[in-house]
Amino acid sequence: MPVSLGDAYRGAYTRLDSRLRSLAATDPASLGAQVPACPGWTVHSVVSHLAGLADDIVGGRLRGIPDDEWTAGQVDRCLGVPVEEVLDAWAPQVATIAEGLDTRTIPPPAAADVLVHEGDIAEALADPVPPEDGWRDAARLLCRGKVRGLDGAGTLTVRSGDDEWTGGSGGEGPTAAVEVAPWECFRGVFSRRSAAQMRGWAWDGDPEPWLEPLTVFGLRTDDQPRCPSGS
């Protein structure tokens, strides 16, 4: 059965909506907590970006991957706006984006963005890993595509849960294999683990040639928090 990125997007929105409204009611100060994966952003900033991105996608204003200036504008527009209002503004866009993801009129990075940032918030707040049935299938699709798309010399084999993927062009380049839990793999591939944390995975062979190519946004040097029950 094809993976529904629309369902993944819709589910992430629903979980974030519930969690953040609960925080607004019971612990509003936590909305100002810094999110280590997104330097300079708070929990409120991250959801402001997600709501702004949804509005930009549905409004037809987005052309390619938004740069730092664009995303900063999304955050700035919501400065001082209660998180409940930010979520209310996001809600009407969810069905349109979910449908577009499933029909591929909206590209997969829109789903990746919300799932990755859901993880950013969970790890910043020391929340548990989000429910596996909400992210696992989409993460498998996204990570598999990244690994299989590796085109440098050599061969990398990634074993994650019940999955095994191979990337690289073969030949006389470096050969390595790594075993890593699905959530940790997802976080690492999307540059939410430092190089040191990724070196700590179960490698057979030298990880160094593969760390940078394996990441979507490049290697980071700062160790990231992990969810208390996650791996």
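This is a predicted model: local features need pLDDT of at least 70, side-chain atom pairs count only at pLDDT 80 or more; totals for chains, interfaces and linings use all residues.
Visitor: Which way do β1 and β3 run, parallel or antiparallel?
Guide: Strand β1 (residues 154-160) and strand β3 (residues 175-179) run parallel, and 5 bridges join them. Within that pairing, Leu156 stands opposite Ala176 in β3.

Visitor: And how many bridges link β3 and β4?
Guide: There are 3 bridges between β3 and strand β4 (residues 202-204), and the sense is antiparallel. Here Glu179 stands opposite Ala202 in β4.

Visitor: New topic. Where does Thr105 lie?
Guide: Thr105 is in the loop between α4 (83-103) and α5 (109-124).

Visitor: Why does Thr105 count as exposed?
Guide: Because its relative accessibility is 63%, and exposed means over 50%. Its side chain also makes a polar contact with the side chain of Thr103, at 3.1 Å.

Visitor: How many aromatic pairs are there?
Guide: The count is 7 aromatic pairs. One of them is Tyr9 with Trp90: the ring centres are 6.3 Å apart and the planes stand at 80°, so this pair is edge-to-face.

Visitor: Which helices hold Tyr9 and Trp90?
Guide: Tyr9 is in helix α1 (residues 5-26) and Trp90 in helix α4, so the pair ties together parts 81 residues apart in sequence. Tyr9 is buried, with a relative accessible area of 4%, and Trp90 is buried at 0%.

Visitor: What about Trp135 and Phe186, stacked or edge-to-face?
Guide: Stacked, because their planes are at 5°, with the ring centres 6.3 Å apart. Trp135 lies in helix α6 (residues 132-148) and Phe186 in helix α7 (residues 182-189), so parts 51 residues apart in sequence are tied together. Both residues, Trp135 and Phe186, are buried.

Visitor: Which residues form the aromatic cluster with Trp135?
Guide: Trp183, Phe186, Phe190 and Phe217 form one aromatic cluster with Trp135.

Key
Residues are numbered from 1 along each chain as its sequence is written. Side-chain values use heavy atoms; hydrogens and water are left out. Two strands pair if DSSP finds at least two bridges between them. Helices (H or I, at least four residues) and strands (E, at least two) are DSSP runs, numbered from the N terminus. Buried means under 20% relative accessible area, exposed over 50%, partly exposed in between (1.4 Å probe, protein chains only). A polar contact is a pair of N or O atoms within 3.5 Å; within protein, one must be able to donate a hydrogen and the other to accept it, and residues adjacent in sequence count only if both atoms are side-chain atoms. Rings of Phe, Tyr and Trp (its six-membered ring) pair if their centres lie within 6.5 Å; planes under 30 degrees apart count as stacked, over 60 as edge-to-face and the rest as tilted.
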